[in-house]
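Here are my notes on this one, in numbered points. Have the model open while you read.

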Amino acid sequence: MIPKKALSPEDISALAAETKVGLLATVNPQGLPHVTLITSLAGQDAGHVMWGQFSEGQSKKNVKENPNCAFFALTLDRKTWRGRAVWTHEKKEGPEFELYNSMPMFRYNAYFGIHTVHYMDLVDVIGPVPLPLARSAASLVVAGLLAPLARRRRVKPVMKPWARSFMNALTTLKFVAYVGDDGFPWIIPCMGCRAPDSGRLVFSPLAAPDEFSALAAGTQVAVFGMGMEAESVLMRGPLYWFS
């Protein structure tokens, strides 16, 4: 699908949904990809994306050091949007600030509300695109077949038992992020990712063949897993391909 340079009114309306998966990929000081759950991600207008902050975290620091970002959104009807954007500024007042804090999710929360709104200039966006469930299922099967091969290569244990079990759960949403040659991060849905042991993750490029085929062995990637209760885990490491 050819990227668009602007959000349509339909895109903006869909992204305004309070109940959705929203992810923000940033670049950390070491030049590595970082992924954060940002459910408040929305389209401000045709050329701008915004998101509300209610907690501190690495991504909020990263955007001020390196403004190049990527975003991903998944709505309840299984439509996805992915794009690139450049962080420009933040505000602690104004119409968007009032809009966020009038939403039930934040207005009636006794513990936190949106205290800062972040703004980004849109570079391009792809969507709406249906979540590739068939390719994800095929990728899951292939990843299961590759798991025994992966175990033959010894690696240092990293994941705790909970993290490994979490990444192997069928209900866990999984995403791979990397930093491209253009300096922007990018997010690829990869639901078939599995953890054959506590030191590695395995997935098949069938999840997104055109995108994964462009990644060279040794590329540093981040893998983000998210559960139905918004629990999440983030892991990073070099990519390598079975041959």
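1. Leaving aside neighbours within four places in sequence, which residues is Phe212 in contact with? They are Val176, Ile188, Cys190, Phe203, Pro205, Ala207 and Trp241, where contact means heavy atoms within 4.5 Å.

2. Before going further, some ground rules. This is a predicted model, so local features need pLDDT of at least 70 and side-chain atom pairs count only at pLDDT 80 or more, while totals for chains, interfaces and linings use all residues. Residues are numbered from 1 along each chain as its sequence is written, and side-chain values use heavy atoms, with hydrogens and water left out.

3. Phe212 also turns up in the largest nonpolar core, which has 22 residues; Met167, Val176, Cys190, Phe203 and Phe212 touch the most other members. A nonpolar core here is a set of buried Ala, Val, Leu, Ile, Met, Phe, Trp, Tyr and Cys residues joined through side-chain atoms within 4.5 Å; buried means under 20% relative accessible area, with a 1.4 Å probe and protein chains only. Two or more residues each come from α6, β8, β9 (185-189), β12 (220-226) and β13 (232-238), and α6 gives the most, with three. Helices (H or I, at least four residues) and strands (E, at least two) are DSSP runs, numbered from the N terminus. A second, separate core of 17 residues includes Leu24, Val49, Trp81 and Met120.

4. Now Thr172, in the loop between α6 (161-168) and β8 (173-179). Why does Thr172 count as buried? Because its relative accessibility is 3%. Beyond its neighbours within four places in sequence, Thr172 is in contact with Phe166, Gly225 and Met226. A polar atom of the Thr172 side chain lies 2.6 Å from the backbone oxygen of Phe166.

5. On to the open sheet: seven strands in the order β2-β1-β5-β6-β7-β4-β3, paired antiparallel. Pairing requires at least two DSSP bridges between two strands. At the edges, β2 (33-37) and β3 (42-45) each pair on one side only. β1 (residues 20-27) pairs with β2 over five bridges, and Leu24 stands opposite Thr36 in β2.

6. Helix α2 (residues 58-65) lies across β1, β2, β4 (48-53), β5 (68-75), β6 (79-91) and β7 (116-130), at about 130 degrees to β2. Axes are lines fitted to C-alpha atoms, for helices over the stretch in contact, with angles from 0 to 180 degrees between N-to-C directions.

7. Overall, the protein has seven helices and 13 strands, and 47% of its 243 residues count as buried.

Notes. Buried < 20%, exposed > 50% of the residue type's maximum accessible area, 1.4 Å probe, protein only. Polar contact = N/O pair within 3.5 Å; in protein donor to acceptor, adjacent residues only side chain to side chain.
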